[in-house]
Amino acid sequence: MQKKIAVINDISGYGRCSLTVEIPIISYMGVQCCPVPTAVLSNHMGYPNYFIDDYTRRMGEYIDNWRKLGLRFDGIATGFLGSEKQIAIVKDFIRDFAREDTMVIVDPVMGDHGRLYVTYTEELCRQMRELVGQADIATPNLTEACRLADVPYREVGWRKKELYDMAGRIASLGPKRVVITGIVQGSFIANYVYERGEEPQIIRTHQVGTERSGTGDVFSSIIAADGVNGVPFRRSVRKASAFVKKCILCSEEQQVPKTDGVCFEEILYQLKRD
């Protein structure tokens, strides 16, 4: 039977991020993607102007209809959550829709380059830490990992022991698998892979092009789909890292504006389905 993932995130009509990235990638990987919108945007906030409709008040009724249908999911994946109320809704969603074997993947979208997003208060950070505690897999970037582990942020110069300790602190919250993404190591971008009971591993790819919106969504989509399909975690991280690099290269070759995110449509066929 085909597997299903409920993906809780916003949807941006333009700019290649969040659900507009996650739906096609997860679907291509043979998993039904069932979106739960947290907000509807005309385009992502990296553009000079945008329209946004906060969907928080509608999420309850939307989800309640799924409750009435008795739906269950093989995976539940979360993206950007902009308020304590939304995190509370997600916690209830996991309680009501997850089975014992449901894979919960939390991408704790909180900030980047050492800075939290303006919506993130101390209380919201605390709530996100609690949500990460309900995950099987957590995919923080370096900024988010530092915040979750209560470790001072720095851009470069991380030793393996420091990364091990930080990933271990995050895992102690609840998740069995943690990948810390976006670690700069010279001309490489590294991902630190931590699994309970396994030897940790650093997976590196050559840094190419410029940073773009949606790369984290591409990465977490692959991790989520592979997670419910039973693909070994480090193989999935290696696959996701390589595909993000291909997407960036494709975007550079086609001279796609940075705000328009990463091209993945033309090379989706290169994404290996284990």
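**Close-up views of the predicted model**

View 1. Thr78 is buried, its relative accessible area being 5% (buried means under 20%, exposed over 50% and partly exposed in between, with a 1.4 Å probe and protein chains only). The structure is a predicted model, in which local features need pLDDT of at least 70 and side-chain atom pairs count only at pLDDT 80 or more, whereas totals for chains, interfaces and linings use all residues. Residues are numbered from 1 along each chain as its sequence is written, and side-chain values use heavy atoms, with hydrogens and water left out. Thr78 belongs to strand S4, which spans residues 73-78 (strands, E, of at least two residues and helices, H or I, of at least four are DSSP runs numbered from the N terminus). Once its neighbours within four places in sequence are set aside, Thr78 is in contact with Ile8, Val90, Ile105, Val106, Asp107 and Leu131 (contact means heavy atoms within 4.5 Å).

**View 2. The open sheet and its S8 to S11 region.** Nine strands make up an open sheet of mixed pairing, in the order S3-S2-S1-S4-S5-S8-S9-S10-S11 (two strands pair if DSSP finds at least two bridges between them). S3 and S11 are the edge strands, each of them pairing on one side only. Strand S8 (residues 137-138) runs parallel to strand S9 (residues 177-185) and is joined to S9 by two bridges, with Ile137 standing opposite Arg177. Between S9 and strand S10 (residues 188-195) the pairing is antiparallel and extends over seven bridges, and Gln185 has Phe188 in S10 as its bridge partner. These two strands, S9 and S10, form a hairpin with two residues between them, and Gly186 in the turn has a positive phi of about 65°. S10 and S11 also run antiparallel, joined by six bridges, and here Ile189 is partnered with Thr205 in S11.

**View 3. Helix H8 and the elements it packs against.** Helix H8 (residues 233-253) contains 21 residues and reaches 30 Å from its first C-alpha to its last, close to the 30 Å expected at 1.5 Å a residue (the expected span is 1.5 Å times one less than the number of residues). Its buried residues include Phe233, Val237, Phe243, Val244 and Ile248. The buried residues of H8 pack against S8, S9, S10, strand S11 (201-206) and helix H7 (215-228). After H8 comes Gln255, whose phi is positive, near 55°.

**View 4. Salt bridges within helices and between strands.** The whole structure holds 21 salt bridges (each a side-chain nitrogen of Lys or Arg within 4 Å of a carboxyl oxygen of Asp or Glu). In helix H2 (residues 56-69), Asp64 and Lys68 lie four residues apart, about one turn of the helix, and their closest N and O atoms are 3.8 Å apart in a salt bridge; Asp64 is partly exposed at 30% relative accessibility, while Lys68 is exposed at 65%. Asp92 and Arg95 meet in a salt bridge of 3.3 Å, N to O, and these two residues, three apart in helix H3 (residues 84-97), are separated by about one helical turn. Asp92 is partly exposed, at 33%, and Arg95 is exposed, at 57%. Asp64, Arg67, Lys68, Asp92, Arg95 and Asp96 are linked in a network of salt bridges. Elsewhere, Glu195 forms a salt bridge with Arg177, with the closest N and O atoms 4.0 Å apart. This pair links distant parts of the chain, with Glu195 in strand S10 and Arg177 in strand S9, 18 residues apart. Glu195 is buried at 14% relative accessibility, whereas Arg177 is partly exposed at 25%.
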